[in-house]
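Have the sequence and the 3D view open side by side while reading.

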Amino acid sequence: MSKIRVKGTEITIITQNDEDYICLTEMVANIEDGTRLIERWLNSKTTVDFLGVWEQLNNPDFKTPEFRGIRENVGSSSYFLSVKKWVEQTNAVGVYAKAGRYGSGTWAQIDIAFEFCSYISPEFKLLLITEFKNLKKREAKGLDQVWDFRRFLTKANWRIQTDAIQEVLVPLRNLPKSKEGIIYAEEAELLNKVVFNKTAKEWNAENPDLVKKNHNIRDYGNTHQLIVIANLEPLNAELIRNKVSQYDRLLMLRQAAIEWLKSLSKSTAIQDTYIDSPLIDKNKNIDIRNVDTDKITPDLGGPNQNSKESPKPPDKKDDDKKDGELF
């Protein structure tokens, strides 16, 4: 299953019997009376002619006599053709309706889906074709799979960091059991700030619609950023075990991230290929890429790393934080 986005609408694509099918219901989700639009399109003689030709070319089990009967009746005020009736009477495979919580709606093979797009608007059709081509290019190069693997590594290495937090920071902070999760979240935010120059909390505030879909900042990192995070997690774990303060760890981790990102940008090795997250919506300005520069310094309230000034001491009123804690 894959997803593309056209004019702010997320559309699902699945593969069945080596054919790509697109969800027509999702296509019209942001159009008023979208379901009616599908019904009107299906009850057009032009549409039925197109579907009949497609089935005869691609489906050896298509029932041509039944198709002729439908063709004679469609378009009249007393006749209504549903997707279910079309499939049951003709044994069609190009379109189908699916009920249920997951994947429900009307689905159409890609050729038929493009034809339906012409009924919506030429602009929507061209944008859909463009996004579909881009998806196929990524799939042909295995780019989405590479990105998925990098994302998996960041999740796997997260355990290395959480073990160090549990062994060192949790006893050190001595928070109530119900608040221990704060410590783990702070360390995750530390790495987010180092790599993305913003915390997950800041990103969530900027992207509420993506948060509703259970997306997070790391879902939108590119492969270089994900490689760096996967390597920062065990490095941060060792620094935690060595009792290095959070602010000092920030400076060390940030310097490492800058150097690693520079090395990756110069690398020609296939495993270091730069790939954007397949979730990035090209129509939105989710700017989490420009972090590979010495000019960007995370502003966490501490002193400039080029300054000789000592780190700002924690607020005495905050009983939950120890020396060097930033969040």
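Asn 91 has a relative accessible area of 34%, so it counts as partly exposed. The model that gives this value is predicted. Asn 91 lies in the loop that joins α5 to β4, and its place is just after the end of α5. Its backbone is worth a look as well: phi of Asn 91 is positive, near 60 degrees, in a residue that is not glycine.

Asp 33 is not a glycine either, and it has a positive phi of about 55 degrees. This residue sits in the loop between α1 (24–27) and α2.

Which residues of helix α5 (residues 83–90) are buried? They are Val 83, Trp 86 and Thr 90. Around the helix axis they cover an arc of only 70 degrees, and therefore they are on the same side of α5. An α-helix has 3.6 residues a turn, so residues three or four places apart point the same way. The face of α5 turned away from the buried side carries Lys 84 and Glu 88, which are exposed. What do the buried residues of α5 pack against? Their partners are the helices α2 (34–42), α3 (45–58) and α4 (64–73), together with the strands β4 (95–98) and β5 (105–109).

Two of these partners also pack against each other. The axes of α3 and α4 are 10 Å apart, and the angle between them is about 170 degrees. Because of this angle, α3 is roughly antiparallel to α4; angles over 145 degrees fall in that class. On the α3 side, the contact is made by Lys 45, Val 48, Asp 49, Gly 52 and Gln 56. On the α4 side, Thr 64, Phe 67, Ile 70, Arg 71 and Glu 72 take part. Sorted by class, the residues of this contact are three nonpolar, three polar and four charged.

Helix α12 (residues 223–241) and helix α13 (residues 246–266) have axes that come within 10 Å and cross at roughly 150 degrees. The crossing of α12 with α13 is right-handed. Among the residues of α12 that make the contact are Ile 227, Val 228, Leu 232, Leu 235 and Leu 239. From α13, the contact includes Met 252, Leu 253, Ala 256, Trp 260 and Leu 264. What is the make-up of this contact by class? It has 13 nonpolar, five polar and one charged residues.

Leu 250 is a residue of helix α13. Its relative accessibility is 3%, so Leu 250 counts as buried. Leu 250 and Asn 236 are 14 residues apart along the chain, and their C-alpha atoms are separated by 9.0 Å. Asn 236 itself belongs to the α12 side of the contact between α12 and α13.

Finally, step back to the whole chain. The secondary structure of the protein chain consists of 13 helices and five strands. The chain has 327 residues, and 43% of them count as buried. Of the contacts with a separation of 6 or more, 66% are between residues 24 or more positions apart.

Notes:
Residues numbered from 1 in each chain as written. Predicted model: local features only at pLDDT ≥ 70, side-chain atom pairs only at ≥ 80, totals over all residues. Heavy atoms only, no water. Buried < 20%, exposed > 50% of the residue type's maximum accessible area, 1.4 Å probe, protein only. Helix = DSSP H or I, 4+ residues; strand = E, 2+ residues; numbered from the N terminus. Arc of directions from axis to C-beta. Contact = heavy atoms within 4.5 Å. Axes fitted to C-alpha atoms, helices over the stretch in contact; angles between N-to-C directions. Left-handed = near helix turned anticlockwise from the far one by under 90°. Nonpolar A, V, L, I, M, F, W, Y, C, P; charged D, E, K, R; others polar. Parallel < 35°, antiparallel > 145°, perpendicular 65-115°, else oblique.
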